[in-house]
Amino acid sequence: MNLELDLGIDRVIRAPRKQVWDAWTDPANLAQWWVPAPTRCRVERLDVRPGGAFVTLMSDDGDAFVPHLDACFLVVDEYERIVFTNAIDSGWRPASPAPVPMTAEVVLRDHPDGTDYRIVVRHGDPAARTRHAELGFAEGWGTTTAQLARLAEGETGR
């Protein structure tokens, strides 16, 4: 991780990797945790394969949904790694997404207590990294990671 360009989250999720993977790759599961509650998420497209679309909408009132993410998957290694970017949209067009273009890498590894869950969000320059941090990266991605953990851990019966 490049500290001048990247932001990250590390957490142990007390669930097997398959449970965490399923939370990422099943649209119904992803919709439950992908945006910080009480905002709601609708998964429009989730084609989890290299080049596949990753499109979500969000709503504060549960009725009117607005664009949240229009991205594509770059790397998908089953149960181990997902890499996606919003710098290329779901139609494979170059994008200039708000608030910042980024590439996110999610890595899942076995851990004695479940899954070592690591996200690195890469930015093109220090200003984009700083902007993302100032906009609340730690709080936003931290909240969604906690929501993901609750979903995955609940599925294990723990």
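Among contacts in the protein chain between residues at least 6 apart in sequence, what percentage join residues at least 24 apart? The share is 50%, where contact means heavy atoms within 4.5 Å of one another. The structure described here is a predicted model, in which local features need pLDDT of at least 70 and side-chain atom pairs count only at pLDDT 80 or more, whereas totals for chains, interfaces and linings use all residues. Residues are numbered from 1 along each chain as its sequence is written, and side-chain values use heavy atoms, with hydrogens and water left out.

Followed along the sequence, the elements occur in the pattern β-α-α-β-β-β-β-β-β-α-α. The radius of gyration, taken over C-alpha atoms, can be set against a globule rule of 2.2 Å times the number of residues to the power 0.38. For 158 residues a compact globule would have a radius of gyration near 15 Å, and the value of 15 Å for the protein chain therefore agrees. Along the principal axes, the C-alpha atoms of the protein chain fill a box of roughly 40 × 40 × 30 Å.

Of the 158 residues of the protein chain, 46% count as buried; this term stands for under 20% relative accessible area, while exposed stands for over 50% and partly exposed for what lies in between (1.4 Å probe, protein chains only). The protein chain exposes about 8200 Å², of which carbon and sulfur atoms supply 49%; accessible areas come from the Shrake-Rupley method with a 1.4 Å probe, and for residues only the protein chains shown count as cover. The mean positions of the 17 positive and 24 negative charges are 2 Å apart. In this count Lys and Arg are positive and Asp and Glu are negative, with His and the chain ends not counted, and the place of each charge is taken as NZ of Lys, CZ of Arg, CG of Asp or CD of Glu.

Strand S2 (residues 40-46) pairs with S3 in the antiparallel sense over 6 bridges, and the two form a hairpin with 6 residues between them, in whose turn Gly 51 has a positive phi of about 90°. Strand S3 (residues 53-59) is also paired with strand S4 (residues 66-77), again in the antiparallel sense and over 6 bridges. This hairpin likewise has 6 residues between its strands, and Gly 62 in the turn has a positive phi of about 85°. Because 6 of its 7 residues are buried, S3 is largely enclosed by the rest of the structure. S4 is joined by 5 bridges to strand S5 (residues 81-85), with the two running antiparallel. Here the hairpin has 3 residues between the strands, with a positive phi of about 65° at Tyr 79 in the turn, and Asp 77 stands opposite Arg 81 in S5.

Two residues of strand S2 may be followed individually. Leu 46 lies in S2 and has Phe 54 as its bridge partner in S3. At 17% relative accessibility, Leu 46 counts as buried. Leaving aside residues up to four places away in sequence, Leu 46 touches Trp 24, Thr 25, Asp 26, Pro 27, Leu 30, Ala 53, Phe 54 and Phe 73. The C-alpha atoms of Leu 46 and Asp 26 are separated by 7.9 Å, although these residues are 20 residues apart along the chain. Arg 40 also has its place in strand S2, and its contacts beyond four places in sequence are Val 35, Leu 57, Met 58, Ser 59, Gly 62 and Phe 65.

Helix H1 (residues 17-25) contains Val 20 and is mostly covered, with 7 of its 9 residues buried. The buried residues of H1 include Trp 21, Ala 23 and Trp 24. Val 20 is itself buried, with a relative accessible area of 0%. Apart from neighbours within four places in sequence, Val 20 is in contact with Ile 13, Ala 15, Leu 108, Thr 115, Tyr 117, Leu 148 and Ala 152.

How values were computed. Helices (H or I, at least four residues) and strands (E, at least two) are DSSP runs, numbered from the N terminus. Two strands pair if DSSP finds at least two bridges between them.
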